[in-house]
Structure formats: structure tokens, C-alpha cells
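Q: I would like to learn how to read the features of a model like this one. Where do we begin?

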Amino acid sequence: MSVFIFASLRCLPEHSQALRDAMRGMQRDSLAEAGCEVYQLLQEEGDANVLHVFERYRDMAAVEAHRASAHYQAYRAWVADKLAAPVEVKLLQALD
């Protein structure tokens with residue numbers, strides 16, 4: 001069963017471009033994973049410092065593989081001091 005993730009990131013204004021660039025790299029690398037089916041990067045209208053990510057994985061094992069990947073671990077270490085608030089992550093399941 002597919003697993004969906006919706007994450008919201010509020011970055012510090014001085015890091016917004018760097019974060020957008022890093023997230024494009026995350027998108028590329030995540031989509032190359034066998035279990036990642038969708039990785040859509042979104043910017044909140046009216047606030048360039050807020051990004052959202054919509055992800056869909058084949059199953060929970062694919063989510064766990066994503067979280068264990070080298071590119072995800074490197075991103076998590078890099079992004080920590082560039083955010084104005086903790087990342088909000090919601091794990092979702094389809095109703096149908």
C-alpha cells in the first residue's frame with residue numbers, strides 16, 4: 001500500500017535560495033530510489049521562505065530506505081541550522 005508524506009519547511013530568509021537548490025537535489029536523488037513514486041517540491045504562494053514537499057512511496061519499507069539513504073542523511077545534517085522552525089512532517093494513507 002502506498003505511503004504519502006507531506007512535509008513543510010520554513011527556512012531562514014538568508015537561506016531560502018540555498019534550501020530551494022538543496023531540495024531540487026533531494027527531489028532528483030529521491031526520485032532515483034526504487035520505491036519513490038512522487039517527490040513534488042512546492043513553494044507556498046506569498047511566502048518564498050516556506051516550502052512543502054509531497055512524496056509518495058511504494059510502501060513503508062521504501063520510506064525507511066529513503067530515510068536511511070546517504071543523500072537524505074546528508075541533507076538532514078546540512079539543513080538543521082537553515083530552518084526557522086522544525087520541519088513539520090505528516091505521514092498519510094489514502095482512504096481508497
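A: We begin with pairing: two strands pair if DSSP finds at least two bridges between them. The model here is predicted. As a case, Val38 stands opposite Arg56 in β3.

Q: Which strands does β3 pair with, and how many bridges join them?

A: Strand β3 pairs with β1 and with β2. Eight bridges join β1, residues 3-10, to β3, and the two run antiparallel. Seven bridges join β2, residues 36-43, to β3, again in an antiparallel arrangement.

Q: Which residue of β3 is the bridge partner of Cys36?

A: The partner of Cys36 is Tyr57.

Q: Is strand β3 mostly covered or mostly open?

A: A residue is called buried when its relative accessible area is under 20%. In a regular strand the side chains alternate between the two faces of the sheet. In β3, which spans residues 50-57, six of the eight residues are buried.

Q: How many residues make up the largest nonpolar core, and which have the most contacts inside it?

A: The core has 20 residues. Those with the most contacts inside it are Leu9, Leu19, Met23, Tyr39, Val53, Tyr57 and Tyr75. Two or more residues come from each of β1, α1, β2, β3, α2 and α3. The largest share, four residues, is from β1.

Q: What is the volume of the largest pocket, and which residues lie nearest its centre?

A: Its volume is about 220 Å³. The lining consists of 15 residues, and Ala7, Glu55, Tyr72, Val87 and Val89 lie nearest the centre. To read a lining, sort it by class and by element. By class, this one has eleven nonpolar, one polar and three charged residues. By element, β1, α1 (16-31), β3, α2 (60-68) and α3 (70-79) each supply at least two residues.

Q: Why does Tyr72 count as buried?

A: Tyr72 counts as buried because its relative accessibility is 15%, and the cut-off is under 20%. Tyr72 is in helix α3. Beyond residues up to four places away in sequence, Tyr72 touches Met26, His66 and Arg67. Tyr72 and Met26 are 46 residues apart in sequence, but 7.3 Å apart in space, C-alpha to C-alpha.

Q: Why is Asp59 called partly exposed?

A: Partly exposed covers the range between buried, under 20%, and exposed, over 50%. Asp59 has 25% relative accessibility, so it counts as partly exposed. Asp59 is in the loop between β3 and α2.

Q: Which residues does Asp59 touch, not counting residues up to four places away in sequence?

A: Asp59 touches Met1 and Val3. Asp59 and Ser2 are 57 residues apart in sequence and 4.9 Å apart in space, C-alpha to C-alpha.

How values were computed. Residues numbered from 1 in each chain as written. Predicted model: local features only at pLDDT ≥ 70, side-chain atom pairs only at ≥ 80, totals over all residues. Heavy atoms only, no water. Buried < 20%, exposed > 50% of the residue type's maximum accessible area, 1.4 Å probe, protein only. 1 Å grid on protein atoms, 1.4 Å probe; cavity = no way out; pocket = protein on both sides within 12 Å on 5 of 7 lines; lining within 4 Å. Points joined across faces, edges and corners; volume = space filled by probe spheres on them. Nonpolar A, V, L, I, M, F, W, Y, C, P; charged D, E, K, R; others polar. Core = buried A, V, L, I, M, F, W, Y, C linked by side-chain atoms within 4.5 Å. Contact = heavy atoms within 4.5 Å.
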